[in-house]
Amino acid sequence: MAALAWLLIPLAAAIGAGLWGSWANRTHRARGDGPELDGYARFRAAMEKSHTGT
């Protein structure tokens with residue numbers, strides 16, 4: 001019976017993690033790639049400026 005209890009602990013943790021993950025994911029909105037692409041464009045511009053002097 002003790003072995004069954006030790007097997008139920010990870011099972012309960014996995015179920016709890018699945019429920020929490022689905023709850024946490026429901027609040028995210030689809031943002032798209034706009035902010036990330038803008039940041040990457042600024043990074044590339046900064047890197048190109050640093051290489052023009054050499």
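Accessible areas here come from the Shrake-Rupley method with a 1.4 Å probe. I am working on a predicted model.

Entry 1, overall. I looked up the surface total and found that the protein chain exposes about 5,200 Å². Carbon and sulfur atoms supply 68% of that area. I then checked burial: of the 54 residues in the protein chain, buried ones make up 2%. For secondary structure I noted two helices and zero strands.

I placed helix α1 at residues 2-25, with L8 inside it. I also looked for nonpolar surface and found a patch of about 670 Å². The residues that make this patch are M1, L4, L8, L11, I15 and L19. I took L8 as one of them to check: its relative accessible area is 44%.

I searched for salt bridges and recorded one in the structure. R44 forms it with E48, and the closest N and O atoms are 3.9 Å apart. The pair qualifies because the cut-off is within 4 Å. I located both residues in helix α2, which covers residues 34-51. R44 and E48 are four residues apart there, about one turn of the helix.

Notes:
Residues numbered from 1 in each chain as written. Predicted model: local features only at pLDDT ≥ 70, side-chain atom pairs only at ≥ 80, totals over all residues. Heavy atoms only, no water. Patch = residues over 30% accessible without salt bridge, like charges linked within 9 Å, V, L, I, M, F, W, Y side chains within 5 Å. Salt bridge = Lys/Arg side-chain N within 4 Å of Asp/Glu carboxyl O. Buried < 20%, exposed > 50% of the residue type's maximum accessible area, 1.4 Å probe, protein only.
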